[in-house]
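Subject: Structure for your review

Dear colleague,

Please find the structure below, together with its sequence. My findings follow it.

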Amino acid sequence: MKKPLTALAIALCLSVTAILSAQKAKKPLPKPKEKPPVAEKITENVYRIGGAVVDLEAKTVTCQGAINMDRGAIEYLAVSPGGKTHESLLTIKVRPLHLQVALILLGLEPKNVLKEQGERKKPEGSPVEIRIRWQDKQGDPQEFPAEDLIATQPKGEPMAHHPWVFTGSRILKEGFEADIAKSLVAIWHDPAAILDNPLEEGADNIYIVNAPRTPKRGTHIELILKAK
């Protein structure tokens with residue numbers, strides 16, 4: 001039987017997750033509009049928070065999703081359903097708030113210094129390795145760094161391997177911004193997203209799908225985030 005996670009003070013994490021990193025204004029914080037999500041214990045070190053599976057020993061968060069684009073210009077590595085799917089490589093079945101909490105449970109610290117999309121300031125936060133796993137037509141497992149599925153214009157060169165950063169999304173008057181925008185992992189800088197691309201090119205809108213490496217649209221994938 002699955003048990004609620006209590007030792008890690010889930011309620012505290014969920015109520016102040018993005019607030020601690022993004023809400024430093026002197027205005028009073030809004031009251032929570034809903035109860036914190038329940039963390040279910042799967043094994044001794046594995047918990048599920050909505051669509052995010054947290055492995056405390058492996059230091060990973062795994063989410064299910066699909067290839068959303070197999071060619072064309074992209075601004076996001078991943079969004080939730082209902083997000084900017086016209087410019088995202090992946091769609092991931094997870095509520096953004098749940099993903100942010102899952103990353104905090106790994107001991108990662110968000111630090112959102114961005115104020116607008118495409119800003120030239122370098123995003124900051126704990127480093128995170130991102131990998132994508134799927135099965136090919138023969139049923140054989142394939143797993144690659146997320147950067148291998150992304151290329152830069154105009155030459156189509158693959159994105160350099162690098163850790164992404166856990167910026168954390170912002171708390172707005174309207175609510176948790178990533179929940180509103182459905183933005184998970186930005187390639188072109190975006191303060192609404194939960195993770196961002198720290199490379200210098202992240203301030204330039206030059207990214208496309210690396211079509212020769214990327215499986216067909218609709219292919220089921222797992223998004224694996226690992227604390228560095």
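Does Thr214 count as buried or exposed? Please note first that the model is a predicted one. At a relative accessibility of 9%, Thr214 counts as buried, because the cut-off for that class is under 20%. Thr214 belongs to the loop that runs between strand E18 (207–209) and E19. Its side chain reaches the backbone oxygen of Asn210 at 2.9 Å. When residues up to four places away in sequence are not counted, Thr214 touches Ile67, Met69, Asp70, Leu89, Leu149 and Val209.

Strand E19 itself covers residues 220–227 and contains Glu222. The side chain of Glu222 forms a polar contact with the side chain of Gln64, at 3.0 Å. With neighbours within four places in sequence left aside, Gln64 is one of the residues in contact with Glu222; the others are Thr62, Cys63, Arg131, Ile132 and Arg133.

Turning to the protein as a whole, the model has three helices and 19 strands. Of its 228 residues, 52% count as buried. The exposed surface comes to about 11,500 Å², and carbon and sulfur atoms supply 53% of that area. Among contacts with a separation of 6 or more, 66% are between residues 24 or more positions apart.

In soluble globular proteins, nonpolar side chains tend to be buried together. In this model, the largest nonpolar core comprises 50 residues, and Val61, Leu77, Leu90 and Leu99 have the most contacts inside it. The element that gives the most to this core is helix H2 (residues 96–105), which provides seven residues. As for Leu99, its contacts, apart from those with neighbours within four places in sequence, are with Val61, Cys63, Val94, Leu184, Ile194, Leu195 and Leu225.

How buried is Phe166? Its relative accessible area is 0%, so Phe166 falls in the buried class. The C-alpha atoms of Phe166 and Gln100 are separated by 8.6 Å, although the two residues are 66 residues apart along the chain.

Yours sincerely,

A colleague

Note on methods:
Residues numbered from 1 in each chain as written. Predicted model: local features only at pLDDT ≥ 70, side-chain atom pairs only at ≥ 80, totals over all residues. Heavy atoms only, no water. Core = buried A, V, L, I, M, F, W, Y, C linked by side-chain atoms within 4.5 Å. Buried < 20%, exposed > 50% of the residue type's maximum accessible area, 1.4 Å probe, protein only. Helix = DSSP H or I, 4+ residues; strand = E, 2+ residues; numbered from the N terminus. Contact = heavy atoms within 4.5 Å. Areas by Shrake-Rupley, 256 points an atom, 1.4 Å probe, with all protein chains shown as cover. Polar contact = N/O pair within 3.5 Å; in protein donor to acceptor, adjacent residues only side chain to side chain.
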